[in-house]
Amino acid sequence: MLALRRTAGFTLLELLVTIAIVAVIAGIAAPSFQNMMATQRVRSATGDLVSALNFARSEAVKRNRVVTVSPGASWAAGWSITYVDNGGNTQTLQSHGGFDGLTVAGNTAISFRADGRRNSANVQIEIAPPSGSGAKKHCLSVSPTGKPESKAGAC
């Protein structure tokens, strides 16, 4: 009589059960993962803008002249950091690309004087995630002394 030898491996039924369990777990985790991603995008955009404002402030002090951070078509489309040199020419120090899927609303431009203080009117920029994401808005403001600050929530 021939002895049947059993081979190592998974049966089709075991594989299908495993795939079903993984699909259920992924379905539960996906919504919270999307919310986390939207929250991180808002935080990242806020951090990028705060870094740009700090850079502009330090350049204003270093160069002893007014340095301006101004949006492109809108803040969501990006911004550039510029100053006017001794010859009256506008020089660009830095440019930043936009944020896809985020809504950014605020003042038109932010200027820093040679002493690092804000040269423009009251500044508030609101960065909002895509609607329905569940993530919170962030509000970025610049104090009269020129220090950028951000907080979670609407402006």
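Me: What do the numbers and values rest on?
Reply: Residues count from 1 along each chain as its sequence is written, and side-chain values use heavy atoms, with hydrogens and water left out. The model is predicted, so local features need pLDDT of at least 70 and side-chain atom pairs pLDDT 80 or more, while totals for chains, interfaces and linings use all residues.

Me: What makes E4 and E6 paired strands?
Reply: Strands are DSSP runs of E, at least two residues, and helices are runs of H or I, at least four, numbered from the N terminus. Two strands pair if DSSP finds at least two bridges between them. E4 and E6 (residues 123-128) have 4 bridges, in the antiparallel sense. In one of these positions, Thr-103 stands opposite Ala-128. E6 and E7 also pair in the antiparallel sense, over 5 bridges.

Me: Why are E4 and E8 called edges?
Reply: The open sheet has the order E4-E6-E7-E8. E4 (103-106) and E8 (148-152) each have a single partner strand, so one side of each is left without a neighbour in the sheet.

Me: How do you know that Trp-79 is buried?
Reply: Buried means under 20% relative accessible area, exposed over 50%, and partly exposed in between (1.4 Å probe, protein chains only). Trp-79 has 4%, so Trp-79 is buried. Phe-99, at 12%, therefore counts as buried too.

Me: Why is the pair of Trp-75 and Trp-79 called tilted?
Reply: Rings of Phe, Tyr and Trp (its six-membered ring) pair if their centres lie within 6.5 Å; planes under 30 degrees apart are stacked, over 60 edge-to-face, and the rest tilted. Here the centres are 6.2 Å apart and the planes at 50°, so the pair is tilted. Trp-79 and Phe-99 form a tilted pair as well, at 5.7 Å and 45°. That pair links strand E2 with the loop between E3 (90-97) and E4, 20 residues apart. Ring pairs join Trp-75, Trp-79 and Phe-99 into a cluster.

Me: What makes a set of residues a nonpolar core, and which residues have the most contacts inside the largest one?
Reply: A core is a set of buried Ala, Val, Leu, Ile, Met, Phe, Trp, Tyr and Cys residues joined through side-chain atoms within 4.5 Å. The largest has 25 residues; those with the most contacts inside it include Trp-75, Trp-79 and Ile-127. H1 (residues 12-63) gives the most, with 8 residues. In soluble globular proteins, nonpolar side chains tend to be buried together.

Definitions and conventions: Contact = heavy atoms within 4.5 Å. Axes fitted to C-alpha atoms, helices over the stretch in contact; angles between N-to-C directions.
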